[in-house]
Each structure stands twice: as C-alpha cells, then as structure tokens.
Amino acid sequence: MSRINLAIVGVGKIVRDQHLPAVAGNDDYRLVAAASRHGRVEGIDNFTSIEEMLSAVPSIQAVSLCMPPQYRHAAAVKALAAGKHVFLEKPPGATLSEVADLQALADARGLSLFASWHSRYAPAVEAAREFLAGTRIHAMRVTWKEDVRQWHPNQDWIWQAGGLGVFDPGINALSIVTRILPRPVFATAATLEFPENRAAPIAASITFTDAAGLDLEAEFDWRQTGRQSWDIVARTDAGEMVLSEGGARLSVGGHQVHMEPEQEYPKLYERFAAIIRAGHSDVDLAPLRHVADAFMLGRRKVVEPFHD
C-alpha cells in the first residue's frame, strides 16, 4: 500500500519530541513538508505559512496541525479546503463549535479528521478500562499536578484566552477518564483559580457524577514542585485501582498488574493512518466538553500573579 504524504504545521517542542520520531518510525508515512513561523525540519521542504506550503507541494495528502489551539481552526479549514486529511493535536480546538465546523467540512469533502488524545494511548489505559467494566465503582479521584515552568516555559499563548491554562495538561486526564469509565459523567461544580495577571486558570477542581451517582473529583494544578502527579484512583468492589504516571502503570489492590513502554504518539499515527485508509473520521469531543462545562459552572477565584 502506498505511503501517505504528510506535512506538519507548527514545529515546536511537541513536534520535535513526539511527532517527528513517531512519523519516522511508521512506514505508512512519508514526511514531505513542514510549515512554521520559526521552526524547521531538516531534509524536507520548509515554509513559513500553511498557505505557501499547500500551494508549493500539491502532493501533500495529510496535514498534522500542531500550533496552539487558538489558531488551529483557520489552518484546518485551509487544509480541508485543499483536500487534505487533518490530524489535530490536543486539544482539537479553542471551542467546541469550531471543531464541529471542521467535522462538517471534512464530512462534506469525504476527508478524515482526527481529534487526537495521546493520553488515551498510554500503555495501561485499556487495561484500566477492562478492569472497571467488570466491577462496581464507588468513587474516583483524579490528581493531575505538575510544574508549568518545567513543561511550558515562556509559552505565553497557553495563558491567553483559548489557551486553556492548566486544562492543557488536565484535558489529558479527562481524555483518560472518559475512556475508562463505563458510563458518561457530567460536572456538577467547579472552582477555577486565575492568577490576577493571566487570562487562563493555573488550578482547578471539578466535581462530577453519572447516572448512577458516581463520586468523582478531579484536581488540576500547575504549581506543583518536586514529584509530578498524574494519577487516577478508583475505589471499587474489586479493590483499589491506581492508574499512575499518566496512564503508564496500573495497580489493583496494591499489586502492579500492567506496565509497558510508552508508545502514545506512535499509536496516534497508527490510528490516523487507519482512519484515512478506512475513509472515516475520529472526533470525540468529550474531554473538551468537560473543560467547557467547567468554565460554564466554575466559580472564579483570583490568586496571586504568576511569573515565569
């Protein structure tokens, strides 16, 4: 089967750390071009705008969009209008409605649109999903706390409206929760902490439930120092389940039952190739919907200024 001519837009840290190695290790793709205001990828054609790239390299078949979410819709419209399949880095957009617009455009043109949630492809997530499907869940606690200075240094866009703030990593937890729980959940209360000099939250807490009355609480914080915390703990009839290290390790009743090497982005690109070959899209907006609900329900709390 012929390889897919792929282009990447927005050459930053996540592209260098994850996308480029994943694409290089996948025989389904041929990386043919990149577009970025500042970054470059050696060995291929580079451009400073997606418009210039699409015009100069008509052989492109698919585009991975890795710029900040506030700018992704406009780029995706250009790619879809040019007949290209589109991979959206997470979160897939700054709003729910703009991603729905992209889905309608992709459907109308018979193209594949992929809203990628890399944390769903963490090694132990499917094992956690299988475990929870076979037991009664009484309560769940999500703790997603990390140091923004370590993971997002000097990234002003993430603090702007639409940048999501602490929900940029927190949405990873929500993508896992919405994958592993047997029933949909919905938010009932939220508190969002905004530094007085920023337009996006630095911390948040959300209470959820489901149709059966599940007790679910999630805590997100970007002020963590020392050990970083990416943990989901569930109290069940079959014992306490701990999904830790961002979904890499699963323990039940204090015993480790699953751990494998991380392959999140290679799995994402496998999925993207599969939906292109099959001629359909994969656009699950549940994680982004929960973030939107938190902003709708959330009590805003102003905290001390944040400085990088």
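**View A. Salt bridge between Arg179 and Glu126.** In this predicted model, the side chains of Arg179 and Glu126 meet in a salt bridge with an N to O distance of 2.8 Å. Arg179 belongs to helix H7 and Glu126 to helix H5 (residues 125–133), so the contact ties together parts that lie 53 residues apart in sequence. Arg179 is partly exposed, at a relative accessible area of 28%. Glu126 is also partly exposed, with a value of 37%.

**View B. Salt bridge between Lys90 and Asp168.** The Lys90 and Asp168 side chains form a salt bridge of 3.4 Å, N to O. This pair links distant parts of the chain, 78 residues apart. Lys90 sits in the loop between strand E5 (85–88) and helix H4 (96–109), whereas Asp168 is in helix H7 (residues 167–180). Lys90 and Asp168 are both buried.

**View C. Salt bridge between Asp231 and Arg227.** Here the side chains of Asp231 and Arg227 meet in a salt bridge at 3.6 Å, N to O. Asp231 has a relative accessibility of 15%, which is under 20%, so Asp231 counts as buried. Arg227 reaches 54%, which is over 50%, and therefore counts as exposed.

View D. Across the whole structure, a search finds 14 salt bridges. Among them are the pairs Arg179 with Glu126, Lys90 with Asp168 and Asp231 with Arg227.

Definitions and conventions:
Residues numbered from 1 in each chain as written. Predicted model: local features only at pLDDT ≥ 70, side-chain atom pairs only at ≥ 80, totals over all residues. Heavy atoms only, no water. Salt bridge = Lys/Arg side-chain N within 4 Å of Asp/Glu carboxyl O. Helix = DSSP H or I, 4+ residues; strand = E, 2+ residues; numbered from the N terminus. Buried < 20%, exposed > 50% of the residue type's maximum accessible area, 1.4 Å probe, protein only.
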